[in-house]
Amino acid sequence: MTDPIVLLQILWTGAVTASSYVLLTVAFSLTQKVTGLWNFAQAGTMGVAFYAMYFLLNDMGQPLFIALPAAAILAGASGIATEVWGLDVLRARSSGNLTFFIFTLILAELIIYILTLLFGTEPQTLFPSILSPVHIIGGIAIGDWDLWAVGISVSALVALQLFLRVSNDGQFLIAVADNARLAELYGISARRAYCVTAAIAGVLITLAMYLFGARSGITPNSPMELILTAVIGTLLGGMGRVFMGGLASLILALIQSYSVLVIGSRWQNLLIYGFLFIAIVVFPRGIHLPRRRVRLPVAQPG
Amino acid sequence: MSVAVMIAIFIILASSYNLVIGYGGLATVAHPIFFALGAYTAGLLAIHTGLSAPLCIAAGAIVAIAASILLAASALRVSGDYLLIASLGFQLGLLQMIRNFEWTGGPGGLTDIPSTITGAARTPAYLAICGAVAAATVALIAWIVRGPYGRAITAMRDEELAFTALGRNAMNLKIVLFAIGCGIAGIAGGLYAFYYQYLSPEQFDVLQSATILTMVVLGGMGTTWGPVVGAALLLAIPQAITFLDLPPAIMAPAQGIIFTGLVLVFLFLRPSGLIGTSGRGAMPAALGVHDHSGEGT
């Protein structure tokens with residue numbers, strides 16, 4: 001029987017690890033919801049965001065409060081450029097799903113090759129040290145960084161939820177996601193909605209790469225693995241259900257963390273690919289929880 | 001001449017993929033894993049059993065066919081984007097297994113695959129063999145798609161509902177077509193293993209999927225000669241910078257940039273492929289009209 005403290009520690013560590021995965025999945029899922037595309041070019045955006053931060057922090061000696069926003073702007077701009085000069089052109093040609101797939105995947109690979117040429121293939125972290133002060137609370141080790149990571153992730157999700165619910169642009173995104181042509185009839189620009197989505201995805205991806213790159217070594221190829229996690233989360237959460245995608249990736253990360261109790265760590269990735277395959281074949285529309293029936297008042301006779 | 005051998009092997013691979021995706025309309029990206037299964041099976045048998053090369057290659061093809069039936073029976077229930085991603089999961093999962101098992105050489109790769117032909121005649125001999133197999137593959141596929149079976153494939157791809165309503169079993173046809181394409185990919189893998197004598201999981205990853213998909217699409221999906229042109233062009237052009245004698249750390253990404261850059265240029269300038277017709281109605285469905293306005297997602 002495993003010690004409950006160990007189980008709780010794995011739960012906490014898994015949740016912290018998931019903080020970056022959740023943001024990546026939400027970015028991917030939001031893009032999929034609004035544009036209807038599986039945008040693998042976001043792997044390139046991840047690379048741009050991480051290496052922009054790395055370059056500014058380590059080579060230019062800039063502080064984080066400059067590096068982080070600068071990387072977010074660059075990532076958002078690269079997403080918008082992809083939208084305007086790539087995806088929009090393909091849409092105008094009524095291109096099929098394979099063309100979009102090839103374009104986004106090859107664009108991601110092009111960016112990865114450029115980053116490999118510029119930064120090499122050695123794993124890099126954003127900061128020289130990956131250690132932070134740790135407190136023992138109820139027998140569980142909780143680091144300052146852990147709280148920071150979870151806090152950033154939750155704040156970003158709350159901000160996104162508020163944006164989608166309260167702002168005009170947020171409402172326009174939902175309208176375009178529901179029916180782009182109908183939205184355009186009401187004067188909402190689908191192109192603008194796609195660009196706003198790309199910008200939001202750029203910000204979320206930058207935050208995720210900050211959380212991920214501060215604790216793990218990243219190579220130019222790492223984003224291709226990260227984007228698969230986002231794809232699986234999006235699928236399991238159900239397409240069009242952005243925050244459920246985030247929740248699914250949290251659960252996946254926890255399952256991966258707990259799996260070390262029964263399988264070797266090198267098999268953890270296989271678990272993820274297995275989930276991807278099963279998710280598509282068994283739950284192609286995501287996992288839908290049963291809805292609670294609403295009881296309507298019955299009219300009383302007489 | 002080594003590049004020519006590589007081109008011949010990729011003509012086999014791209015043509016077999018064209019049969020699956022171009023003629024059959026089965027949008028999977030897992031083709032490199034059948035290439036890998038053929039290669040690893042042939043390589044392992046050659047190392048551990050000493051069987052002759054043709055037998056090892058045939059065994060590789062059989063393993064690839066068996067795996068393709070496994071994937072087809074489960075994943076062909078879904079289509080479009082779903083099939084693309086399910087096949088990606090299948091490919092990456094099997095690659096992860098190859099990477100983790102020690103008997104496959106693990107991440108370091110499988111070495112010591114015996115050379116069946118040695119001496120100065122090795123590369124010309126392999127070129128002749130691979131060239132002959134490539135020609136046979138192109139001829140076989142042309143024969144399949146021009147006969148009655150080909151008409152059934154086209155009908156199934158273009159109007160599956162009507163095809164089924166006529167009493168034909170679309171699923172069986174898909175599985176057979178998939179098995180033929182993947183079996184040929186397994187043969188290509190066997191040839192690859194014996195020529196290069198070294199296999200590693202990275203040679204069969206997502207980039208390889210994008211590579212052969214690009215060869216098919218840019219050459220002309222659903223055409224006999226499209227994959228031939230696509231494979232020759234996309235493998236030959238990046239070799240143009242080898243004369244610069246750059247260090248490997250620069251050469252590999254530089255070739256990758258040229259390759260991916262070329263793909264993007266062709267994708268926008270010749271979306272229907274170099275051999276394909278320019279009329280939109282002639283495009284395979286996967287490349288042609290498709291709604292990406294975000295509706296109904």
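The exercises below, each with a worked solution, concern a predicted model.

**Exercise 1. Helix 2 and helix 9 of chain A**

Task: Classify the packing of helix 2 of chain A against helix 9 of chain A from the angle between their axes, and describe the contact.

Solution. 
- Step 1. Helix 2 of chain A covers residues 42-59 and helix 9 of chain A covers residues 222-237; their axes come within 8 Å and cross at roughly 125°.
- Step 2. Angles of 65 to 115 degrees count as roughly perpendicular and those over 145 as roughly antiparallel. Helix 2 and helix 9 of chain A are therefore oblique to each other.
- Step 3. The crossing of helix 2 and helix 9 of chain A is right-handed.
- Step 4. On the side of helix 2 of chain A, the residues that meet the partner are Gln42(A), Ala43(A), Met46(A) and Gly47(A); helix 9 of chain A supplies Pro223(A), Met224(A), Leu226(A) and Ile227(A).
- Step 5. Sorted by class, this contact of helix 2 with helix 9 of chain A holds 6 nonpolar, 2 polar and no charged residues.

**Exercise 2. Helix 2 and helix 3 of chain A**

Task: Repeat the classification for helix 2 of chain A and helix 3 of chain A.

Solution. 
- Step 1. The axes of helix 2 and helix 3 of chain A come within 8 Å, with a crossing angle of roughly 150°.
- Step 2. The cut-off for roughly antiparallel is an angle over 145 degrees. Helix 2 and helix 3 of chain A are therefore roughly antiparallel to each other.
- Step 3. Helix 2 of chain A crosses helix 3 of chain A in the right-handed sense.
- Step 4. Among the residues that make this contact are Val48(A), Ala52(A), Met53(A) and Leu56(A) of helix 2 of chain A, and Ala67(A), Leu68(A), Ala71(A) and Leu74(A) of helix 3 of chain A.
- Step 5. The contact of helix 2 with helix 3 of chain A divides into 14 nonpolar, 3 polar and no charged residues.

**Exercise 3. The largest nonpolar core**

Task: Which residues touch the most other members of the largest nonpolar core, and which helix gives the largest share of this core?

Solution. 
- Step 1. The core has 190 residues, and Met53(A) and Leu204(A) touch the most other members.
- Step 2. Helix 8 of chain A, residues 190-213, contributes the largest share of this core with 16 residues.
- Step 3. Beyond four places in sequence, Met53(A) is in contact with Ala67(A), Leu68(A), Ala71(A), Leu126(A), Met209(A), Tyr210(A) and Gly213(A).

**Exercise 4. Positive phi values**

Task: Where do Ser94(A) and Asp112(B) lie, and is each buried, partly exposed or exposed?

Solution. 
- Step 1. Most residues other than glycine have a negative phi. Ser94(A) has a positive phi near 55°, and Asp112(B), also not a glycine, has one of about 65°.
- Step 2. Ser94(A) sits in the loop between helix 3 (64-92) and helix 4 (97-119) of chain A. Asp112(B) sits in the loop between helix 4 (81-100) and helix 5 (122-146) of chain B.
- Step 3. Ser94(A) has 14 C-beta neighbours inside 10 Å, so it counts as partly exposed. Asp112(B) has 10 other C-beta atoms within 10 Å, so it is exposed.

**Exercise 5. The contact of chain B with chain A**

Task: How many residues does each chain give to the contact, and which elements of chain B give two or more?

Solution. 
- Step 1. Chain B gives 48 residues and chain A gives 52 residues.
- Step 2. The elements of chain B that give two or more residues are helix 3 (53-75), helix 4, helix 9 (206-220) and helix 11 (248-269).
- Step 3. By class, the side of chain B that touches chain A has 29 nonpolar, 16 polar and 3 charged residues.

Key: Residues numbered from 1 in each chain as written. Chains lettered and ligands numbered in written order. Predicted model: local features only at pLDDT ≥ 70, side-chain atom pairs only at ≥ 80, totals over all residues. Axes fitted to C-alpha atoms, helices over the stretch in contact; angles between N-to-C directions. Helix = DSSP H or I, 4+ residues; strand = E, 2+ residues; numbered from the N terminus. Parallel < 35°, antiparallel > 145°, perpendicular 65-115°, else oblique. Left-handed = near helix turned anticlockwise from the far one by under 90°. Contact = placed C-beta atoms within 7 Å. Nonpolar A, V, L, I, M, F, W, Y, C, P; charged D, E, K, R; others polar. Buried ≥ 20, exposed ≤ 12 C-beta atoms within 10 Å, placed from the backbone. Core = buried A, V, L, I, M, F, W, Y, C linked by C-beta atoms within 7 Å.
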